[in-house]
Amino acid sequence: MTTETPDMLGGWPPPVLDPAGPFAGPVTVVAWVLFVMGAVVLAVVLIALGVALFGPRKWKRRVGGERLVWIGGLAFPVVVLTGLLIYGLSVTARVSDAPRDGEMRVRVTGEMWWWRVAYLDGQGRETVQDANEVHIPVGRPVVVELESADVIHSLWVPRLGGKTDMIPGRRNFMRLQADKPGVYAGQCAEYCGGPHALMGFVVVAHPEADFEAWRARQAAPAAPSALPGAAVFGASGCGACHTIRGTEANGLAGPDLTHVGSRQTLGAGILPNNQGTMAGWIADSQGIKPGNRMPSYPVLTGRELRDLASYLDSLK
């Protein structure tokens, strides 16, 4: 599994007007229509302003007349904005539909300041836990169920779909689909306090066979390990916040670490995932991402940090 960061793989910030799937395409079309209509309205306003300031007196009187004020100030905006609203809703209607029978479903829960990910079966039961990234098969639509555990967040993967809010107590839906394999960067697009700008996201699109193999690996528990870092993990109390399936660690506050070594990034998209960055994140997560809910562990020795990072990196 590659360990490049999203800026190497998909552009950071992610490109907004470069759709790579059928659900991002309509959003891009709507964006261009809005840009063009905005430019047209601006041009009309500037022409009217030019006439009012520098035009012949006869034209000035017409620009300031009551009839033109009613047409340009009320009728024109109502017609244009209503038309754009109807057009935008019709073009993007399929993007946020509820799941249909047979569609792949993933639940993403926004938390301060990371993403909890769960893959669901046909009855909506969780089968695989992950964090900060979603893996999808190429060419297949995926319904993403969006929830929030605390404040309002918003998930946006510009090349694959539109921005959709995550509101406490409510479940929203969005659809993602990638037309070719790759890694697509995303971001929280609603200010949620603290390190909001450092709340990144990654979607990894695999060929169908590779995706099924990945999902089978992720569903398995962690293999038993004799690495010294496993003992450091237990002695440091990491299992109070994190789960590693197949071990005694069963914490629910933080991300599931059963296969953390296979992830693209650390800290919700801000660091490449390797042993060095893992050790740095454990030692001083607050210095790297101030305000996040992972405490720093300066009490660990250099040897303990290396052992712990090596153990976590082995969880593929």
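Some ground rules. The model is predicted, so local features need pLDDT of at least 70, side-chain atom pairs count only at pLDDT 80 or more, and totals for chains, interfaces and linings use all residues. Residues are numbered from 1 along each chain as its sequence is written, and side-chain values use heavy atoms, with hydrogens and water left out.

Confidence comes first. pLDDT is the predictor's confidence in each residue, from 0 to 100. The protein averages 89. At least 70 is reached by 96% of the residues. Where is the pLDDT below 50? Over residues 1-10. That stretch still has 23 contacts in the model beyond near neighbours in sequence; contact means heavy atoms within 4.5 Å. Where pLDDT is low, the predicted coordinates should not be read in detail.

Now helix α2, residues 24-54. Helices here are DSSP runs of H or I with at least four residues, strands are E runs of at least two, and both are numbered from the N terminus. α2 has 31 residues and reaches 44 Å from its first C-alpha to its last. That is close to the 45 Å expected at 1.5 Å a residue, where the expected span is 1.5 Å times one less than the number of residues. Its buried residues are Ala24, Thr28, Val30, Ala31 and Val51. Buried means under 20% relative accessible area, exposed over 50%, and partly exposed in between, using a 1.4 Å probe and protein chains only. The buried residues of α2 pack against α3 (57-63) and α4 (66-91).

What does the record say? An unreviewed UniProt entry lists residues 29-56 and 68-89 as "transmembrane region". Such annotations may be inferred rather than shown by experiment. In the model, residues 29-56 are 93% helix and 0% strand, with end C-alpha atoms 40 Å apart. Residues 68-89 are 100% helix, and their end C-alpha atoms lie 30 Å apart.

The unreviewed entry also has "domain: Cytochrome oxidase subunit II copper A binding" over residues 101-217. That span is 9% helix and 50% strand.

On to the cores. A nonpolar core is a set of buried Ala, Val, Leu, Ile, Met, Phe, Trp, Tyr and Cys residues joined through side-chain atoms within 4.5 Å. The largest has 31 residues. Which of them touch the most other members? Val108, Leu155, Leu160 and Phe201. Elements supplying at least two residues each include β1 (104-111), β10 (200-206) and α5 (208-219). Apart from it lies another core of 22 residues, among them Cys238 and Tyr311.

Next, the rings. Phe, Tyr and Trp rings pair if their centres lie within 6.5 Å, taking the six-membered ring of Trp; planes under 30 degrees apart count as stacked, over 60 as edge-to-face, and the rest as tilted. The whole structure holds five aromatic pairs. Trp115 and Phe201 are edge-to-face, 5.4 Å centre to centre, with 70 degrees between the planes. Trp115 sits in β2 and Phe201 in β10, so this pair ties together parts 86 residues apart in sequence. Both are buried. Phe211 and Trp214 have centres 6.1 Å apart and planes at 25 degrees, so they are stacked. Ring pairs link Tyr119, Phe211 and Trp214 into a cluster.

Last stop, helix α8, residues 302-313. Its buried residues include Leu305, Leu308 and Tyr311. Their cover includes α6 (228-235) and α7 (275-288).
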